[in-house]
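Please open the structure in your viewer and keep the selection panel at hand.

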Amino acid sequence: MRARSFLFLVSIASINAVAKASGHFATGATSFLPKSRLATNGAYSFPEKIRRRSESLGLEEKESLSSENALSSVCQLVRGGAGPFKGESVAKFATLITICNAALISLAPAKTLKMYGLDESPLAEYMTECLGNIITSHAITQWSLNFNNNSINTAMGAGTLYLTIFTLKSLLNDMPSKLGFPAFGQCIFLAINIFCGYTLLYNKPQADNVAKYYPLWGLVNALSFILAPDAMGRKWGVEGDEPNALVTYVMKQTGLVLASKAVYLLSLGNGVDPIKALGYGNIPALLGMIMTNFVTKEIDQFGMDQNEQWVWLLLKVFIVGSLVF
């Protein structure tokens, strides 16, 4: 009889331990028993005790679920995805859109220019291919996080190392001399991306600091292209004394793509949830589309397809609205 009582107490203690681990807190091994029964050493039959314990856990479960739902709503506001669509689903959708866009631009830059009604000069084609590879780097990081569930450092490292492929291709094919811009800048770009990409991918001791501060370089670079596209064009040797409207536009678009990537990586490196970080990363692109469509109206100047612009604009509004809020 003593052994049976001991086992019963152990079973109750185990239930309390499981309940505590899952968020249900009890005050003692027999806390679920009414005080009147405690005074008589708990003379309920064993099945009755189990039934009463189950009812008690059921009430606690309902209260816990209510608390968890409230907490979930707060967490969604913090990490993004508090709207009618699941943040994870929107993040995957945005990743697939980025991949398709990156593939088209990087693999068929001339066709991309033609689709958007832009001149197909060698320089414009080169800059468009460069944009495509930056977007591909962005897509690799997104895929690593949203589909492969890799760590933030690994995802950032994989995307960063990819950038070295286009830079090596450019240097090996002597594109700087062919198009008239200095190769020195590309060599620096290559060295920085190799070091940062390797450090992040293999999670070296400096990886966390690199994740925090490496994107700042990209952000400064992006702001230079956005705020002073003519000056950046001359610095890279692709702009003459008289500004070329197309070169200025392409430089500005390069800056907006760099800004989207930099904001995304900066958010990830500083602890923002990956879903919300992706929403933040789409804000520069959204603002850029608003600017070129309604403020500077470069879309009208180059005779670009307004319908395509509206599709992209609505997509960006949906992604930012779903992931940031």
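Among contacts in the protein between residues at least 6 apart in sequence, what percentage join residues at least 24 apart? The share is 67%, where contact means heavy atoms within 4.5 Å.

Two remarks on the model are needed before the tour. This is a predicted model, in which local features need pLDDT of at least 70 and side-chain atom pairs count only at pLDDT 80 or more, while totals for chains, interfaces and linings use all residues. Residues are numbered from 1 along each chain as its sequence is written, and side-chain values use heavy atoms, with hydrogens and water left out.

**The whole chain**

Display the protein as a cartoon. Its secondary structure comprises 15 helices and 0 strands; helices (H or I, at least four residues) and strands (E, at least two) are DSSP runs, numbered from the N terminus. Of the 325 residues, 42% count as buried. Here buried means under 20% relative accessible area, exposed over 50%, and partly exposed in between, with a 1.4 Å probe and protein chains only.

**A pair of helices**

Two packed helices are described by the angle between their axes and the distance between the axes. Select residues 87–107, helix α4, together with residues 306–324, helix α15. Their axes come within 9 Å and cross at roughly 145°. These axes are lines fitted to C-alpha atoms, for helices over the stretch in contact, and angles run from 0 to 180 degrees between N-to-C directions. The crossing of α4 and α15 is left-handed, meaning that the near helix is turned anticlockwise from the far one by less than a right angle.

Now show the side chains at this contact. Helix α4 contributes G87, V90, A91, F93, A94, I97 and N101, and helix α15 contributes W312, L315, F318, I319, S322 and L323. These residues divide into 10 nonpolar, 3 polar and no charged. In this division Ala, Val, Leu, Ile, Met, Phe, Trp, Tyr, Cys and Pro count as nonpolar, Asp, Glu, Lys and Arg as charged, and the others, Gly among them, as polar.

Centre the view on I319, in helix α15. Is I319 buried or exposed? I319 counts as buried because its relative accessibility is 3%. Leaving aside neighbours within four places in sequence, I319 is in contact with V90, A94 and N282. The C-alpha atoms of I319 and F93 are 8.8 Å apart, although 226 residues separate the two along the chain.

**The nonpolar cores**

In soluble globular proteins, nonpolar side chains tend to be buried together. A nonpolar core is a set of buried Ala, Val, Leu, Ile, Met, Phe, Trp, Tyr and Cys residues joined through side-chain atoms within 4.5 Å. Select L118, Y264, L268 and M304, which touch the most other members of the largest core, a set of 53 residues. The helices that each supply at least two residues of this core include α6 (122–146), α7 (152–172) and α10 (207–227). The largest share, 12 residues, comes from α12.

Apart from neighbours within four places in sequence, L118 is in contact with L113, L246, Y249, F302 and M304. A second, separate core has 5 residues, including L286, M289, L313 and V320.

**Two further buried residues**

Move to S260, in helix α12 (residues 245–269). S260 is buried, as its relative accessible area is 7%. Not counting residues up to four places away in sequence, S260 touches H138, G281, P284 and A285.

Then select M232, in helix α11 (residues 229–235). M232 is buried, with a relative accessible area of 8%. Beyond its neighbours within four places in sequence, M232 is in contact with N221, S224 and F225.

**Loops and an exposed residue**

Most residues other than glycine have a negative phi, and most peptide bonds are trans. Select N203, in the loop between α9 and α10; its phi is near 50°, a positive value. K297, in the loop between α13 and α14, has a positive phi of about 55°. K297 is partly exposed, with a relative accessible area of 45%.

Finish at F184, in helix α9. F184 is exposed because its relative accessible area is 62%.
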